[in-house]
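Reader: Please take one part and look at it closely. I would like to follow how side chains meet.

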Amino acid sequence: MSSEIVRATEVAPPPPPEYPVDQVVFTPPIDIFETPEGLMLQADLPGVSSDSLELQVQDNKLSLYGKVSSSVPSDARLIHQEYQVGHFLRSFILSDEVDHERISAKLNQGVLEVILPRLAKPEPRRIQIQTD
């Protein structure tokens, strides 16, 4: 499997109509690594809950979008902030090697893990030749 199994898109695909495109403010950092079964994508999403995160595969494009809410109490004054808040969007083009039906994801303590399993290669088979 090569790194071409997934490629970040230079132009984001259009998000669903209900998503506020004009509010996209950043792209979250992503790590992708290969395992014997396929690829794993990890996105650092502190402050994101599963309710504020959407993950979608359509036409070989994997898109994740959502919103990071500020965790600063309303009565506090922010002095320093390194992680971004607001809406985010990130998308990737998947190769035909990814089994779209078996893609799975989990969100744990601000880290989204997306498993992109490799399609099983078809076994060679003998084809019967018919005669008239």
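**Where side chains pair**

Author: E34 counts as partly exposed, at 43% relative accessibility. Partly exposed means between two cut-offs: buried is under 20% relative accessible area and exposed is over 50%, with a 1.4 Å probe and protein chains only. Those areas come from the Shrake-Rupley method with a 1.4 Å probe, and for residues only the protein chains shown count as cover.

A word on the model. It is predicted, so local features need pLDDT of at least 70 and side-chain atom pairs count only at pLDDT 80 or more, while totals for chains, interfaces and linings use all residues. Residues are numbered from 1 along each chain as its sequence is written, and side-chain values use heavy atoms, with hydrogens and water left out.

Back to E34. Its side chain meets that of R118 in a salt bridge, at 3.7 Å from N to O. E34 sits in strand β3 (residues 30-35) and R118 in the segment after β9 (111-117), so the pair ties together parts that are 84 residues apart in sequence. R118 is partly exposed as well, at 25% relative accessibility. Why can such pairs form? Side chains of opposite charge can pair when their charged atoms come close.

The rule for a salt bridge is simple: a side-chain nitrogen of Lys or Arg within 4 Å of a carboxyl oxygen of Asp or Glu. By that rule the count is three. R102 pairs with D99, and their closest N and O atoms are 2.8 Å apart. D99 is buried, with a relative accessible area of 13%. R102 is partly exposed, at 46%. E113 and K106 also form a salt bridge, with closest N and O atoms 4.0 Å apart.

Rings next. Rings of Phe, Tyr and Trp (its six-membered ring) pair if their centres lie within 6.5 Å; planes under 30 degrees apart are stacked, over 60 edge-to-face, and the rest tilted. One aromatic pair is present. The ring centres of F26 and F88 are 5.7 Å apart with planes at 45°, so this pair is tilted. F26 belongs to strand β2 (residues 24-26) and F88 to strand β7 (residues 86-94), so the pair links distant parts of the chain, 62 residues apart.

Now the setting. The chain has nine strands and zero helices. Both are DSSP runs numbered from the N terminus: helices (H or I) have at least four residues, strands (E) at least two. Buried residues make up 30% of the 132 residues. A contact means heavy atoms within 4.5 Å. Among contacts between residues at least 6 apart in sequence, 60% join residues at least 24 apart. The accessible surface comes to about 9,500 Å², and 48% of that belongs to carbon and sulfur atoms.

N60 lies between β5 (53-58) and β6 (61-68). It is not a glycine, yet N60 has a positive phi of about 65°. N60 is partly exposed, at 25%. Q109 lies in the loop between β8 (104-108) and β9. Q109 has a positive phi of about 50°, and it is not a glycine either. Q109 counts as exposed, at 77% relative accessibility.
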